[in-house]
Amino acid sequence: MDDDLSRARAWSHEMQQVHHRLREALELRPVVARLEQDHSMIAHLLGGLEAAMSSGVGREEALRHLEGVGAIMENHFRYEEREILHLLDDLDDLDLAPVDVLGPLA
């Protein structure tokens, strides 16, 4: 479980770096603001999960925490795809490599 929390936190940090680059596009500022708000909520929920696990909660309560994280993440990815995917597709038209635009995470 600790490995999963570590991976989730690392993913959150990496995505914040991508969002920082996307924030530079003026039309994406509201989108990135919402995505960052989601990241904050996910971090809060992961903190709750970690606290619950540290206190020795049962399986059912741990699953409720995970369901909350999963629901926010699923919604987050749908929104992200809907709002940003077309911009990434446009990179092909500009003959730019994603790594040149978004950094080493692409």
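User: Great. Is this experimental or predicted?

Analyst: This is a predicted model.

User: OK, how confident is the predictor, then?

Analyst: The protein chain averages a pLDDT of 79, and 65% of the residues score at least 70.

User: Which elements have the lowest and highest mean pLDDT?

Analyst: Helix 4, residues 98-102, has the lowest mean at 65, while helix 2 has the highest at 88. Where pLDDT is low, the predicted coordinates should not be read in detail.

User: Noted. How many helices and strands are there?

Analyst: Four helices and zero strands. Read from the N terminus, the order is α-α-α-α.

User: And how much of the chain is buried?

Analyst: Of its 106 residues, 25% count as buried. The accessible surface comes to about 7,100 Å², and carbon and sulfur atoms account for 53% of that.

User: Let's look at helix 2. What length should it span, and what does the model give?

Analyst: Helix 2 covers residues 29-54, so 26 residues at 1.5 Å each should span 38 Å. The C-alpha atoms at its ends are 37 Å apart, which agrees.

User: Which of its residues are buried?

Analyst: In helix 2, the buried ones are Val31, Val32, Leu35, Asp38, His39, Ile42, Leu46, Leu49 and Ala52.

User: There's an Asp in that list. What does its side chain pair with?

Analyst: The side chain of aspartate 38 makes a polar contact of 2.9 Å with the side chain of histidine 76. Histidine 76 sits in helix 3, and Asp38 belongs to helix 2.

User: Is that histidine buried or exposed?

Analyst: Buried: histidine 76 has 0% relative accessibility.

User: Why does alanine 62 count as buried?

Analyst: Because its relative accessible area is 8%, and the cut-off for buried is under 20%.

User: What about Ala52, back in helix 2?

Analyst: Alanine 52, in helix 2, is buried too, with a relative accessible area of 6%. Its C-alpha lies 7.1 Å from that of alanine 62, ten residues along the chain. With residues up to four places away set aside, alanine 52 touches Val57, Glu61 and His65.

User: What else does His65 touch?

Analyst: Besides Ala52, histidine 65 touches Gly48 and Leu49, again leaving out residues up to four places away in sequence. Histidine 65 is in helix 3, and its C-alpha is 7.4 Å from that of glycine 48, 17 residues apart along the chain.

User: How accessible is histidine 65?

Analyst: Histidine 65 is partly exposed, with a relative accessible area of 24%.

User: Switching topic: how many salt bridges?

Analyst: The count comes to one salt bridge. Glutamate 74 pairs with arginine 78, and their closest N and O atoms are 2.3 Å apart. Side chains of opposite charge can pair when their charged atoms come close.

User: Where do those two sit?

Analyst: Glutamate 74 and arginine 78 are both in helix 3, four residues apart, which is about one turn of the helix. Glutamate 74 is partly exposed, with a relative accessible area of 41%.

Terms used. Residues are numbered from 1 along each chain as its sequence is written. This is a predicted model: local features need pLDDT of at least 70, side-chain atom pairs count only at pLDDT 80 or more; totals for chains, interfaces and linings use all residues. Side-chain values use heavy atoms; hydrogens and water are left out. Helices (H or I, at least four residues) and strands (E, at least two) are DSSP runs, numbered from the N terminus. Buried means under 20% relative accessible area, exposed over 50%, partly exposed in between (1.4 Å probe, protein chains only). Accessible areas come from the Shrake-Rupley method with a 1.4 Å probe; for residues, only the protein chains shown count as cover. The expected span of a helix is 1.5 Å times one less than its number of residues. A polar contact is a pair of N or O atoms within 3.5 Å; within protein, one must be able to donate a hydrogen and the other to accept it, and residues adjacent in sequence count only if both atoms are side-chain atoms. A salt bridge is a side-chain nitrogen of Lys or Arg within 4 Å of a carboxyl oxygen of Asp or Glu. pLDDT is the predictor's confidence in each residue, from 0 to 100. Contact means heavy atoms within 4.5 Å.
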